[in-house]
Amino acid sequence: MARRVVLHIGAMKSGTTYLQGALYKNKGLLAERGFLVPGTRWRHQIEAVLDVKGRSKHPQGDSVAGAWDRLVAEVDEWDGTALISVELLAPVGQGTVDRVASSFSGVTPEIVLSLRDINRQIPSMWQELVQNGSDWTWSEFLSSVKKSRPGAAERHRTKPGKRFWSEQDMVSIARRWAQAGPLHLVTVPPPGSPPLLLLERFGAAMGFDPEGLKSAPPRNTSLGTATVEVLRGLNAELNDRGLAYPAAMGLRKHTLGKHLMPKLTIDDPRIGLAAPRWTRAFTRDQDAQLRGLDATVHGDLGDLAPVDVSGIDPREVTHDQVRDAAVASYAALRSDLNKKLADPTIPDEVIDPGAGRKASARAVSALAGLVEWSVRREELVRT
């Protein structure tokens with residue numbers, strides 16, 4: 001039976017990919033020191049959390065039935081500390097919190113919530129949600145986040161705002177999970193901090209000494225403004241073609257969004273956002289409420305003060321930049337499919353869309369056509 005269970009529940013975009021990569025990169029060394037990272041790979045923890053949330057399948061179609069029980073059984077067999085890290089836990093309801101808290105034999109789990117300043121979270125979350133199938137424009141998303149924020153005098157809840165605050169309402173998440181066990185808050189250091197500082201704070205909360213651990217390179221590489229706009233347009237096109245997300249999840253999120261698009265050599269400035277006035281007032285209120293919780297802070301709540309994100313307003317990206325990003329994405333995806341499939345039937349469309357708004361739309365449509373071809377081919381192969 002595990003003597004200690006620690007649940008890192010997020011929040012999303014607070015360095016979670018980097019921290020999870022560090023856990024699995026050092027899985028063997030941590031085991032030697034008495035720490036279990038359950039599951040042979042991180043996807044097994046994701047499947048377990050989907051299962052305990054009541055889902056029957058992973059978005060890519062695999063059954064997750066029994067995954068939570070298998071993870072709990074592995075933890076119960078360990079004589080030491082078990083470390084679980086899945087940001088899908090942060091927004092769950094009280095029923096799931098209670099089920100998770102009562103799962104481990106004779107052990108009350110400790111909860112770790114990592115927090116990042118809200119202004120850096122806004123562009124990061126928009127990009128992440130687009131990679132997860134959203135076609136919300138930047139203007140729509142930014143306005144909705146502001147109007148839907150907790151504590152707003154006339155709170156107007158819209159779908160993008162609800163989605164954002166379900167993951168980023170730090171006080172609500174902390175209070176809900178504090179009922180499950182002792183609470184630890186880990187603050188993401190501000191820009192310019194030492195590279196390993198976040199891992200050191202995380203290790204202090206989880207209970208391990210990071211000395212000697214290999215630091216995994218961050219895998220969630222940010223996309224440029226034009227590339228995010230291409231992906232957003234691709235989502236809208238696929239919706240119109242009857243391929244709403246999670247259809248083609250592997251291609252659009254992982255192959256394009258995580259692997260191919262970050263490597264494109266095009267004029268693609270990063271998403272920027274000067275901290276709006278409301279973020280400062282909001283953060284002061286959240287800070288006061290967090291300090292009132294019975295929680296151990298690893299870092300400094302002052303790290304949550306909003307800072308400007310350097311880059312351009314996504315509304316300033318040009319149609320020609322979007323066109324170039326779409327054409328480059330098409331070429332990269334076609335090359336990737338050729339390597340994987342060696343299939344001579346892959347569409348050999350030559351894209352010369354011209355310039356302007358219509359040209360960027362044609363280029364995005366061509367990319368959607370290539371993705372649709374791949375999905376239909378996979379369906380034919382499967383049947």
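**View 1. E167 and R163 pair through their side chains in a salt bridge, 2.9 Å from N to O.** A salt bridge here is a side-chain nitrogen of Lys or Arg within 4 Å of a carboxyl oxygen of Asp or Glu. The model is predicted: local features need pLDDT of at least 70, side-chain atom pairs count only at pLDDT 80 or more, and totals for chains, interfaces and linings use all residues. Residues are numbered from 1 along each chain as its sequence is written, and side-chain values use heavy atoms, with hydrogens and water left out. Both partners, E167 and R163, sit in helix α8, 4 residues apart, about one turn of the helix. Helices (H or I, at least four residues) and strands (E, at least two) are DSSP runs, numbered from the N terminus. E167 is buried at 4% relative accessible area. R163 is partly exposed at 30%. Buried means under 20% relative accessible area, exposed over 50%, and partly exposed in between (1.4 Å probe, protein chains only).

View 2. K340 is exposed, with a relative accessible area of 54%. D336 is buried, at 10%.

**View 3. E110 and R4 join in a salt bridge, 2.7 Å from N to O.** E110 belongs to strand β4 and R4 to strand β1 (residues 4-8), so the pair ties together parts 106 residues apart in sequence. Both E110 and R4 are buried.

**View 4. E237, R241, E372 and R376 are linked in a network of salt bridges.** Across the whole structure, a search finds 18 salt bridges. Side chains of opposite charge can pair when their charged atoms come close.

**View 5. Helix α13 (residues 277-291) has a buried side.** Its 15 residues should span 21 Å at 1.5 Å a residue, and the end C-alpha atoms are 22 Å apart, which agrees. The expected span is 1.5 Å times one less than the number of residues. W278, T279, F282, T283, Q286, D287 and L290 of α13 are buried. They cover an arc of only 165 degrees around the axis, which puts them on the same side of α13. The arc is that of the directions from the helix axis to the C-beta atoms. Exposed R277, R284 and R291 lie on the face of α13 turned away from its buried side.
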